[in-house]
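Subject: Structure for your files

Hello,

Here is the structure I said I would pass on. My notes on what was found in it follow below.

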Amino acid sequence: MKAVVLCGGKGTRLGLTDRPKAMVPVAGRPLLERLVEDVRDAGFTDIVLLTGHLAEVIEAHFGDGSAFGVRIAHVREGEPLGTAGAVRDARHLLTEPFLVLYGDTLLDVDLARMAAFHAEHGGLGTLFVHPNDHPHDSDLLVADADHRIRRFLPKPHPDGAILPNLVSAALYVLDPAAIDAVPADGASDWGRDIFPAIVAAGGRLNAYRSVEYVKDIGTPARLAKGEADLASGRVARLSHRHAKPALFLDRDGVLNVEINGVHRAQDLELMPDAGNAVRRANAAGIPVICVTNQPDIAKGFLTEETLGEVMAALDTGLAAAGAYLDDIFVCPHHPERGWPGEVAALKIDCDCRKPKPGMLLAAAERHHLDLSRSWLIGDRHADIAAAHAAGARAVLLRTGHAGTDAGNRRADPDHVAATLTDAVAFVMKAMGQ
Ligand SMILES: [Mg+2]
Ligand SMILES: [Zn+2]
């Protein structure tokens with residue numbers, strides 16, 4: 001598979017005058033050199049550099065790539081063509097699925113794993129996606145349980161809108177057929193123009209959700225943050241190479257007020273301290289993963305689509321405090337029959353309904369987590385038991401059901417806390433944060 005790097009940016013905001021943005025020094029080395037070596041180390045030895053402004057600086061630095069152990073082709077744009085227009089003009093070099101990276105991103109991603117995900121799920125492309133701390137001024141997207149992107153929600157968003165916190169991180173695997181969606185002439189962008197058009201036309205794009213580090217460093221503040229994250233080890237720590245601890249959070253009674261079934265987005269009431277508590281874990285670089293039983297889907301009280309709206313309301317509430325969930329796992333099943341509108345296919349004795357550990361095990365597989373160093377915070381004994389069955393530890397909260405669920409065997413929590421704030425503070429300390 002070839003890797004295409006978009007490196008026509010000017011770097012005006014970084015104050016660069018003698019080199020293009022992709023050549024900005026990051027902790028002493030040009031960013032593009034880091035990208036080329038990352039791509040090479042992931043096994044991609046054919047690289048296409050799409051250049052424009054001060055292309056000669058990049059051409060002189062990399063040449064044919066042999067000094068870096070790769071083969072590099074340079075394609076220089078005559079006028080700014082946008083991210084999609086630039087790739088269109090390199091189409092003669094792109095006959096197989098290819099990786100697209102942006103020359104202003106600092107990343108540490110298992111690129112081969114992402115390429116394998118694309119091969120497995122097919123379609124015109126796979127986009128690396130994650131939440132951020134400012135979804136209200138980001139282009140957002142909605143993906144379904146099969147990882148298929150269903151909608152794009154471009155900014156600006158209306159005040160008070162309920163917004164799912166999922167953004168494209170400017171890292172893709174594309175099929176050459178995706179280039180057919182790019183207009184033959186002029187400038188266009190993948191994120192703003194082409195991907196929304198593909199989805200609107202019924203084309204398949206996949207969302208690849210990961211906690212790995214991908215950030216654009218196109219401003220002095222973001223560059224400084226990226227360099228700090230390199231120095232602190234955060235960039236590497238979140239990579240798929242390393243098993244890392246996570247904070248698992250139950251939803252009802254923990255993040256939002258327990259009302260025995262939230263069936264509409266407007267009924268979701270966030271716990272008053274949820275945003276600040278989650279932000280504390282976000283700031284520490286600990287992946288925060290929601291694991292929630294939603295048997296009302298099986299019982300027919302709630303559709304997957306409505307659940308998506310409820311989860312967007314949760315995202316929106318957390319985002320008001322700059323907080324986010326890195327991933328969400330839902331068990332829609334329920335083992336017993338007898339509800340008039342029930343969904344027969346979901347009425348099963350599954351492996352994911354807490355107290356079973358399936359959701360935690362799936363999260364560990366997706367994000368390479370070290371469950372023995374991970375914690376769960378929940379309000380029921382079923383939560384505690386699920387954590388223990390997965391080899392993790394657990395805090396029982398005195399909110400929500402407060403451990404009064406009678407249908408489950410009592411589990412021994414590793415700690416009991418009065419509030420989510422106290423529980424997160426305890427867990428962060430236990431994790432050495
Ligand atoms: Mg609960
Ligand atoms: Zn389940």
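A residue is called buried here if its relative accessible area is under 20%. Please bear in mind that this is a predicted model.

Thr51

By that cut-off Thr51 is buried, because its relative accessible area is 1%. Thr51 belongs to strand E4, which covers residues 46-51. Leaving aside residues up to four places away in sequence, Thr51 is in contact with Cys7, Gly8, Ile58, Glu59, Val75, Arg76 and Glu77.

Magnesium ion (ligand 1)

Asp250 (OD), Asp252 (O) and Asp379 (OD) coordinate the magnesium ion (ligand 1) at distances of 2.0 to 2.2 Å. Their spacing in sequence is D-x1-D-x126-D. Asp252 sits in the loop between strand E14 (247-249) and helix H8 (274-283), and Asp379 in the loop between strand E17 (375-378) and helix H12 (381-389), so this pair ties together parts that are 127 residues apart in sequence. Asp252 has a relative accessible area of 13% and therefore counts as buried. Asp379 is buried too, with a value of 0%.

Regards

Methods. Residues numbered from 1 in each chain as written. Chains lettered and ligands numbered in written order. Predicted model: local features only at pLDDT ≥ 70, side-chain atom pairs only at ≥ 80, totals over all residues. Heavy atoms only, no water. Helix = DSSP H or I, 4+ residues; strand = E, 2+ residues; numbered from the N terminus. Buried < 20%, exposed > 50% of the residue type's maximum accessible area, 1.4 Å probe, protein only. Contact = heavy atoms within 4.5 Å. Donors = N, O, S within 2.8 Å, 3.2 Å for Na, K, Ca; no water.
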